[in-house]
Amino acid sequence: MNASDPDAPDFVRRHVNLADARLGAAAIRCSDDFFAAMGRMLDPQPACFVPGKYDDNGKWMDGWESRRRRGPGHDWCIVRLARRGVVHGVDLDTSHFTGNFPPAASLEGCQFDGDAPDAGADWFPLLPAVDLGGNRHHYFAIESARPCSHVRVNLFPDGGLARLRVYATPAFEAAIANPDGLIDLAAALNGGTAVAANNEHFGRASNLLLPGRGIDMGDGWETRRRREPGHDWCIIALARPGHVESIEVDTAHFKGNYPDRCSIQATHVTQGSHASLVTQSMFWPVLLAEQALRMDAQHHFREEIEPHRIVSHVRLNIHPDGGVSRLRLLGRPG
């Protein structure tokens with residue numbers, strides 16, 4: 001769930017934000033970004049406001065902001081998504097933009113194999129012009145079934161957008177296999193999502209699914225210190241159901257706060273809600289029995305994986321609490 005808005009709609013939880021710069025999304029062209037660079041709106045962190053911070057062009061704003069338009073037309077920005085996918089919803093976030101937000105915006109998409117769409121690109125509507133307000137999230141469900149690699153956000157006529165988030169199902173056929181022919185079934189870029197977690201006090205469970213190793217202790221899933229019996233957990237929906245053949249649990253940067261042990265349960269789910277998954281997950285079969293963990297280390301498990309049928313969801317348990325940077329579930333789609 002969007003940490004800055006606990007009331008965000010379900011598509012925020014169910015799908016991956018392909019406009020996330022950490023995944024490889026990039027703002028590649030815009031009509032104007034005089035006041036604030038276009039790339040800022042792809043920052044996955046909630047937008048911030050820094051009182052008294054100015055640069056050579058005026059007040060520093062955390063987002064994309066064009067100058068005041070004095071002629072006809074409107075401002076626009078083209079974003080290359082992290083991976084081609086089918087868009088299910090967007091968040092047009094105007095956080096901290098009060099007297100400088102655009103009154104309206106729209107969104108278009110296209111499928112283009114290169115970095116920047118040319119004049120012949122086939123742009124199609126994703127979201128018609130909608131009214132915007134200042135300093136808030138604007139969530140809109142998208143019904144288009146056409147995959148796109150790029151989106152173009154249009155501001156009418158000008159103004160600032162703190163964040164653009166494009167929630168989509170990535171094209172799984174673009175997933176990259178390792179030398180053994182295995183695909184990371186949990187990777188966000190392949191469509192894996194964090195469904196639920198009992199605690200995300202210091203870091204969100206969705207960070208587990210990001211590419212690369214964590215850049216610091218804040219780039220992982222970390223729970224508060226547990227002061228009662230039990231253990232912490234999170235539930236991951238795989239990009240595709242499959243057989244898991246190799247598991248990596250990475251505690252990069254977690255030294256005085258890594259979990260003592262971890263275990264994984266898994267099953268194949270065809271029906272039910274997120275709430276029912278939480279209850280049912282307590283009784284899922286064991287995929288990986290409890291394994292000791294070390295600080296700031298990559299842990300690889302293969303022979304330790306229990307025999308299993310095709311699974312679609314896993315529950316990562318950390319005993320009793322702490323932080324994990326990345327989780328890789330390498331396998332073959334079933």
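A charge sits over a ring if NZ of Lys or CZ of Arg is within 6 Å of the ring centre and within 35 degrees of the ring normal. Lys 53 lies over the face of Trp 60 in this way, at 4.0 Å from the ring centre. The model is predicted, so local features need pLDDT of at least 70 and side-chain atom pairs count only at pLDDT 80 or more, while totals for chains, interfaces and linings use all residues. Residues are numbered from 1 along each chain as its sequence is written, and side-chain values use heavy atoms, with hydrogens and water left out.

**Charge over ring**
- Tyr 54 has the charged end of Lys 59 over its ring, 5.7 Å from the centre.

**Aromatic pairs**
- Rings of Phe, Tyr and Trp (its six-membered ring) pair if their centres lie within 6.5 Å; planes under 30 degrees apart count as stacked, over 60 as edge-to-face and the rest as tilted.
- The count by this rule is three aromatic pairs.
- Phe 11 and Tyr 139 pair edge-to-face, at 6.4 Å centre to centre with 70 degrees between the planes.
- Phe 11 belongs to helix 1 (residues 10-14) and Tyr 139 to strand 9 (residues 139-141), so their pair ties together parts 128 residues apart in sequence; helices (H or I, at least four residues) and strands (E, at least two) are DSSP runs, numbered from the N terminus.
- Phe 34 and Phe 35 also form an edge-to-face pair, with 5.1 Å between centres and 85 degrees between planes.
- One aromatic cluster is formed by Phe 11, Tyr 139 and Tyr 167.

**Exposure of the paired rings**
- Buried means under 20% relative accessible area, exposed over 50%, and partly exposed in between (1.4 Å probe, protein chains only).
- Phe 11 and Tyr 139 are both buried.
- Phe 34 is partly exposed at 31% relative accessible area, and Phe 35 is partly exposed at 21%.
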